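Have the sequence and the model side by side as you read.

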Amino acid sequence: MADVLIDAESAHAFDEAQARTLECIAVRDEAPGVKTFRLRDPHPDGVRLFAPGQAMLLALNIDGVRHDRMFSIASSPVERDVIELTIKAQAHGVVTRWLHERCAPGMRIDARYPLGRFTLDPSNATPLALV
C-alpha cells in the first residue's frame with residue numbers, strides 16, 4: 001500500500017509551489033457554515049498545475065496581523081481558469097470566520113500553491129482503499 005502512494009508521489013509532474021496573488025471572483029454557500037471561494041489567478045500563465053489532494057496556503061492580513069492557513073484545493077485540476085476552496089467556518093477560527101464574513105468578489109488574497117505530495121497517479125488502475 002505504501003509503495004503505491006510513494007510511487008504516485010514521484011510520478012506527478014505538477015508545478016512547484018509559487019507565491020501568487022489571487023482574485024476572489026465568487027463566493028457560494030454550500031451548506032450552513034460552509035462556503036466555496038472561487039479564485040482567479042491573474043498571472044499570465046493562469047492557474048498553476050496541481051494534482052488532486054494538493055493544498056494552498058493563504059496569507060491574510062487581519063487587523064494588522066498576518067495569518068497563514070492551509071486549505072485543500074476543492075476544484076478539478078482540469079479546470080484551468082479558476083481554483084476553488086471549500087471552507088467550513090470554525091467557531092474560534094480567525095481566518096475561516098474572516099473569509100466567511102469579509103471575503104467578497106474583487107478582493108485579492110496572497111497565496112502559495114500547489115503544496116503537498118499526498119496524491120495518487122490517476123493512470124494507476126490498482127484498486128486502493130483509503131481508511
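A disulfide is a pair of cysteine sulfur atoms within 2.5 Å. By this rule, the count here is zero disulfides. Keep in mind that this is a predicted model.

**Cysteines**

- Cys24 is in no disulfide. Its nearest cysteine sulfur belongs to Cys103, 3.9 Å away.
- Cys103 is likewise in no disulfide, and the nearest cysteine sulfur to Cys103 is that of Cys24, at 3.9 Å.
- The cut-off is 2.5 Å, so a pair of sulfurs at 3.9 Å does not count as a disulfide.
- A disulfide is a covalent bond between the sulfur atoms of two cysteines.
- Is Cys24 buried or exposed? Cys24 counts as buried because its relative accessibility is 0%.
- Cys103 is buried too, with a relative accessible area of 7%.

**Strand E1 and strand E6**

- Strand E1 covers residues 18–31, and strand E6 covers residues 108–115.
- How many bridges pair E1 with E6? There are six, and the pairing is antiparallel.
- Glu23 has Arg108 in E6 as its bridge partner.

**Strand E1 and strand E2**

- Strand E2 spans residues 34–40.
- E1 and E2 run antiparallel and are joined by seven bridges.
- Ala26 has Arg38 in E2 as its bridge partner.
- E1 and E2 form a hairpin, with two residues between the strands.
- Which residue of this hairpin takes a positive phi? Gly33 does, with a phi near 80°.

Notes
Residues numbered from 1 in each chain as written. Predicted model: local features only at pLDDT ≥ 70, side-chain atom pairs only at ≥ 80, totals over all residues. Heavy atoms only, no water. Buried < 20%, exposed > 50% of the residue type's maximum accessible area, 1.4 Å probe, protein only. Pairing = 2+ DSSP bridges. Helix = DSSP H or I, 4+ residues; strand = E, 2+ residues; numbered from the N terminus.
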